[in-house]
Amino acid sequence: MSKSNVVLTIPKPGSFELVERPYPVINAGYAIIKTEIAPICLEGTRIWAEHDFEFHDDPNHLGHEGVGTVAEVLPGSNFKVGDRVIVFQGDYCGQCHSCRNGLSPTYCQSNNPDIRGVERAAMKGIEFRNESESGGFAMAHYRIAPEANMYRLPEAVDFRYGAACNCSYGVGFSNQELMNVKAGDTVLVGGVGFIAMGHIISALYRNATVIGLMRNKYREDLLRKMGVEHFVNPEDEDWLEQVRALTYEGQGVDHAVDGSGVTYYQDKLMQATRLYGTVNFSGHTPGSKVDLSPLHDVIDPAHTLLGQHDVRIRDREGLVRSLFDKEVQRMIDVMVTHEFPMSRAGEAFDIQVGKQCGKIYLYTQQ
Ligand SMILES: [Zn+2]
Ligand SMILES: [Zn+2]
């Protein structure tokens with residue numbers, strides 16, 4: 001019996017189909033992964049609800065986050081069949097600034113549609129380079145991954161913790177390496193979705209104090225379970241005084257993290273950050289722009305504004321080491337509020353649209 005692949009498609013908003021496709025084929029440098037968990041990124045809110053696509057996905061090509069088991073390698077591979085791995089998203093060229101410096105694969109030239117062209121960049125590029133009719137994407141039984149973006153998961157670490165190493169805890173952790181969040185710091189987080197929850201797990205792991213600037217009571221309850229003790233409602237007239245009162249000498253927070261992508265939170269987060277503090281942008285909303293005065297918003301407060309997609313290659317080991325921490329595991333358990341077999345993906349997407357959730361996992365083999 002010849003093997004085949006099964007991939008998830010969203011042909012129109014609010015409806016999905018599991019479609020049979022040819023089993024993937026690979027060239028040197030790549031492996032075939034039997035995906036176990038494909039966490040949902042914005043496939044619910046962006047694609048299921050609005051059929052809004054980015055350059056790297058379309059109705060038949062979905063999912064970039066995932067963990068699984070190596071199903072096939074070519075001779076000379078550094079992996080073997082049966083290895084459990086985290087797949088970090090996208091392709092790898094090994095010879096661009098990002099690859100050479102251990103930065104996030106998102107910035108690798110092979111994932112840049114302006115350089116490679118939309119059909120030959122990122123996950124579509126993985127199918128193109130392997131001359132494969134399926135396998136570039138995570139929401140499928142099998143996917144192709146560049147070996148350079150595979151990380152062997154330690155035996156003692158469960159798949160469901162490894163699956164948090166992409167667009168939730170992984171993104172928060174890597175951004176906080178960039179921000180240098182450390183013990184004793186105070187981190188203000190505004191607009192809390194699953195990326196911001198990843199930041200919060202990372203900040204608590206680093207023994208920082210977290211303040212949630214938020215209105216969603218369901219998610220506030222999740223944060224309390226993680227161990228966050230301080231919450232401020234951004235609608236309160238004295239929200240800024242409340243935040244400052246929670247910081248050393250009322251200086252303001254050392255770091256602010258925006259998970260919303262909208263100015264409502266971004267303006268407040270910048271206001272609440274102390275002199276020489278960092279302001280991290282980890283959320284984006286189409287069409288939203290922040291109004292910035294270089295003098296008043298950057299030079300006067302001496303703020304560092306920063307942000308990045310994805311997980312830097314150089315942060316992967318520290319990230320996976322942290323998965324042994326029992327508190328990190330417990331917090332990931334809180335963050336992952338829903339788990340569905342891929343055969344019931346519609347229910348999972350509906351829940352994400354309703355925002356009464358943390359991170360949602362799809363079990364692709366079920
Ligand atoms: Zn993602
Ligand atoms: Zn590269």
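The zinc ion (ligand 1) is held by Cys41 (SG), His64 (NE2), Glu65 (OE) and Cys167 (SG), at 2.1 to 2.4 Å. Donors here are N, O and S atoms within 2.8 Å of the metal (3.2 Å for Na, K and Ca); water is not among the atoms, so sites may look incomplete. The angles among the 4 donor atoms run from 88 to 125°, and the site is tetrahedral. Along the sequence, the donor residues of the zinc ion (ligand 1) follow the spacing C-x22-H-E-x101-C. Glutamate 65 sits in the loop between helix H1 (43–48) and S4, and cysteine 167 in the loop between helix H5 (159–162) and H6, so the pair ties together parts that are 102 residues apart in sequence. Helices (H or I, at least four residues) and strands (E, at least two) are DSSP runs, numbered from the N terminus.

This is a predicted model, in which local features need pLDDT of at least 70 and side-chain atom pairs count only at pLDDT 80 or more, while totals for chains, interfaces and linings use all residues. Residues are numbered from 1 along each chain as its sequence is written, chains are lettered from A and ligands numbered from 1 in the order in which they are written, and side-chain values use heavy atoms, with hydrogens and water left out.

How accessible are these donors? Glutamate 65 is buried, with a relative accessible area of 0%. Cysteine 167 is buried as well, at 9% relative accessibility. Buried means under 20% relative accessible area, exposed over 50%, and partly exposed in between (1.4 Å probe, protein chains only).

Cysteine 93 counts as partly exposed, at 23% relative accessibility. Cysteine 99 is buried, with a relative accessible area of 10%.

Now the strands. Strands of a sheet pair through backbone hydrogen bonds, either parallel or antiparallel. Two strands count as paired if DSSP finds at least two bridges between them. Strand S4 (residues 66–72) and S5 are antiparallel, over 4 bridges. Glycine 68 has valine 85 of S5 as its bridge partner. S5 is also antiparallel to strand S7 (residues 150–152), with 3 bridges. There, valine 85 stands opposite arginine 152. Within strand S5 (residues 84–87), Arg84 and Ile86 point one way, Val85 and Val87 the other, and all are buried.

A parallel open sheet brings together 6 strands in the order S10-S9-S8-S11-S12-S13. Strand S10 (230–232) and strand S13 (304–306) stand at its edges, each with a single partner strand, so one side of each has no neighbour in the sheet. The twist averages 20° from one strand to the next; axes are lines fitted to C-alpha atoms, for helices over the stretch in contact, and angles run from 0 to 180 degrees between N-to-C directions. Strand S8 (residues 186–190) and strand S11 (residues 253–258) pair in parallel over 4 bridges. Glycine 190 has aspartate 258 in S11 as its bridge partner.

Aromatic contacts come next. The structure holds 5 aromatic pairs. Rings of Phe, Tyr and Trp (its six-membered ring) pair if their centres lie within 6.5 Å; planes under 30 degrees apart count as stacked, over 60 as edge-to-face and the rest as tilted. Tyrosine 23 and tyrosine 142 have ring centres 4.9 Å apart and planes at 70°, so the pair is edge-to-face. This pair links distant parts of the chain, 119 residues apart: tyrosine 23 is in the loop between strand S2 (15–22) and strand S3 (30–39), tyrosine 142 in strand S6 (residues 142–146). Tyrosine 23 is buried, at 15% relative accessibility. Tyrosine 169 and phenylalanine 173 are also edge-to-face, with centres 5.9 Å apart and planes at 75°. Both lie in helix H6 (residues 169–179), 4 residues apart, about one turn of the helix. Arginine 206 lies over the face of phenylalanine 173, at 4.5 Å from the ring centre. Such a charge sits over a ring if NZ of Lys or CZ of Arg is within 6 Å of the ring centre and within 35 degrees of the ring normal.

Key: Four donors count as tetrahedral if all angles lie between 85 and 135 degrees; four count as square planar and six as octahedral if opposite donors are over 155 degrees apart and all others between 65 and 115; anything else is irregular.
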